[in-house]
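Welcome, and please have the viewer open as you read. The report below walks through helix packing and a handful of individual residues.

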Amino acid sequence: MSGIPYADPLLDPLFTTPDAADAFSPRARLQGMLDFEAALARAEAAVGVIPSGAVAAIAAACDATLYDVAALGAEAALAGNTAIPLVKHLTRKVADADAEAARFVHWGATSQDAMDSGLVLQLRGFIDGLDATLATLAAGLAVLADRHRATPMVARTWLQHALPTTFGLKAAVWLDSLGRDRQRLAAARARLALQFGGAAGTLAALGDSGPAVAEALAVALSLPLPALPWHASRDRVTELAAALGILAGTLGTIGRDVSLMMQMEVGEAFEPSGPGRGGSSTMPHKRNPVSCAVLLSTALRAPALVGGLLAAQVQEHERGLGGWHAEWQALPDLARLVAGAAHHAAAMIDGLTVDAERMRANLELTRGLILAEAVTMALGETMGRLAAHARVAEASRRAIADQRPLRDLLAEDAEIVAALGLDGLDRLFDPLRYTGSAAHFIDRALADHAVMERAHGR
């Protein structure tokens, strides 16, 4: 645990993951910029802009463990960004080994080039790790969707009993949303590109060699080469932020549903249990929805972070003031939170306890009223929809007043029995006969999931 770079070792283990904490640690931030500097030297040497003999000393000094993070931070507080002091320390480190090579550190680049390109390297690795977690979550949801395709339960609208559905369809809906989230993240990742424009986005310091250096640098860093530098065009950042925010909402929806199903009065599904998990400091019987709490808290916190990043997209002229700075902590904070929620969701779904018997019992709470629409539709074929609606509505009111099963009251109506028959009434009050196209929708969601997994080589 001590080796994990948690900013807050008391709370971060609940709200993020070790991998996400490491991806956005101070050392990782520095290493991203240093990877840019080493690749820049190699690219410029390959094009003939700097001597090839300078590369080794520069590359050797591009190791984040060689630098004092606290000292750099103190200097950044005066300089205005982290790249300025880092380049100074890097230059001194290179000079200790090769004074001539030190002349070519950061040649033709600007601070934002190093910081943005370093951030892109961090983000691409983070997104790959996040998608692996989401793939695990998706696999778990696919299993639930298929396993419970014929497990009937109450569909609730406005938090009230509506019609029968299946738990498999509920899981398929979650799976379908998650698939779109993964597509959005993949699209945002694909547009994260090299940042290299020099002081004002023209690469003027490199003369005619600017485009060639940019091409070589993109290859060296395995990053897409954009059509032009994007110093003040922050849509790449906000696209990713929006995708993460939407994902947080999807995870929050899963958390909301599971927490509601986990209420004692409902009792349809439960988070995994275990020693030290979900207990109360005073009530020994409690089984609290811990993962749901993390999913919901992330869904509550993410919109403010996304909103701040969207506001920061408005920047001035060729390089912005303040808006760019606003991204530095907000985006990593958002990424860390969403990674934590995804981890909790995957673990929760993998160990989810589903009480199919309780789901079936909850369908009976209204004594058959949940199937009033099914009777209305069948009866409407002989007496018309409006007349059938009125007849079933009246029977439903009596069922509520007398606390009797709706099916029994309908069976006392000679006209209804003549139209439907007693056996027909029995069939209409079987919840699994009124789940419509649920199985078809589950199949479609599973098919789409299979296509995505094949595309990822899984």
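Buried means under 20% relative accessible area, exposed means over 50%, and partly exposed lies in between (1.4 Å probe, protein chains only). This is a predicted model, in which local features need pLDDT of at least 70 and side-chain atom pairs count only at pLDDT 80 or more, while totals for chains, interfaces and linings use all residues. Residues are numbered from 1 along each chain as its sequence is written, and side-chain values use heavy atoms, with hydrogens and water left out.

**Leu363 and other buried residues**

Helices (H or I, at least four residues) and strands (E, at least two) are DSSP runs, numbered from the N terminus. Leu363 belongs to helix H14 (residues 356-363). Its relative accessible area is 2%, so Leu363 is buried. Contact here means heavy atoms within 4.5 Å. Setting aside residues up to four places away in sequence, Leu363 touches Pro152, Met153, Val154, Pro164, Ile370 and Pro431. Arg385 is 22 residues from Leu363 in sequence, and their C-alpha atoms are 25 Å apart in space.

Leu134 sits in helix H8 (residues 111-147). Leu134 counts as buried because its relative accessibility is 0%. Apart from neighbours within four places in sequence, Leu134 is in contact with Leu178, Arg182, Leu185, Leu247 and Ala342. From Leu134 to Leu40, 94 residues away along the chain, the C-alpha separation is 34 Å.

How far apart in space are Ser291 and His344, C-alpha to C-alpha? The distance is 5.3 Å, for a sequence separation of 53 residues. Ser291 is part of helix H12 (residues 290-311), and with 1% relative accessibility Ser291 counts as buried.

His449 is found in helix H20 (residues 438-455). With a relative accessibility of 15%, His449 also counts as buried. Residues up to four places away in sequence aside, His449 touches Ala138, Ala139, Ala142 and Leu175.

**Helix packing**

For the helix pairs, axes are lines fitted to C-alpha atoms over the stretch in contact, and angles run from 0 to 180 degrees between N-to-C directions.

| Helix pair | Axis separation | Angle |
|---|---|---|
| H9 (residues 167-190) and H11 (residues 235-261) | within 8 Å | roughly 165° |
| H11 and H13 (residues 323-350) | 10 Å | about 35° |
| H5 (residues 69-79) and H6 (residues 83-97) | 7 Å | about 125° |

Angles under 35 degrees count as roughly parallel, over 145 as roughly antiparallel, 65 to 115 as roughly perpendicular and the rest as oblique. The axes of H9 and H11 cross at roughly 165°, which means that H9 is roughly antiparallel to H11. On the H9 side, the contact includes Phe167, Trp174, Leu178 and Leu185, and on the H11 side it includes Leu240, Leu244, Leu247 and Ile254. Nonpolar residues are Ala, Val, Leu, Ile, Met, Phe, Trp, Tyr, Cys and Pro; Asp, Glu, Lys and Arg are charged; the others, Gly among them, are polar. In the contact of H9 with H11, that gives 14 nonpolar, two polar and five charged residues.

H11 also packs against H13, at an angle of about 35°. Among the residues making this contact are Leu244, Leu247, Leu251 and Ile254 of H11, together with Leu331, Leu334, Val338 and Ala342 of H13. This contact of H11 with H13 has 17 nonpolar residues, no polar ones and one charged.

H5 and H6 pack at an angle of about 125°, and the two helices are therefore oblique to each other. Leu72, Glu75, Ala76 and Ala79 of H5 meet Ile84, Pro85, Leu86 and His89 of H6. By class, six of the residues in the contact of H5 with H6 are nonpolar, one is polar and one is charged.

**Two positive phi values**

Which loop holds Trp158? Trp158 is in the loop between strand E1 (152-157) and strand E2 (160-166). Its phi is near 55°, a positive value in a residue other than glycine. Trp158 counts as exposed, at 84% relative accessibility.

Ser222, in the loop between helix H10 (210-221) and H11, is not a glycine either and has a positive phi of about 55°. With a relative accessible area of 55%, Ser222 is exposed.
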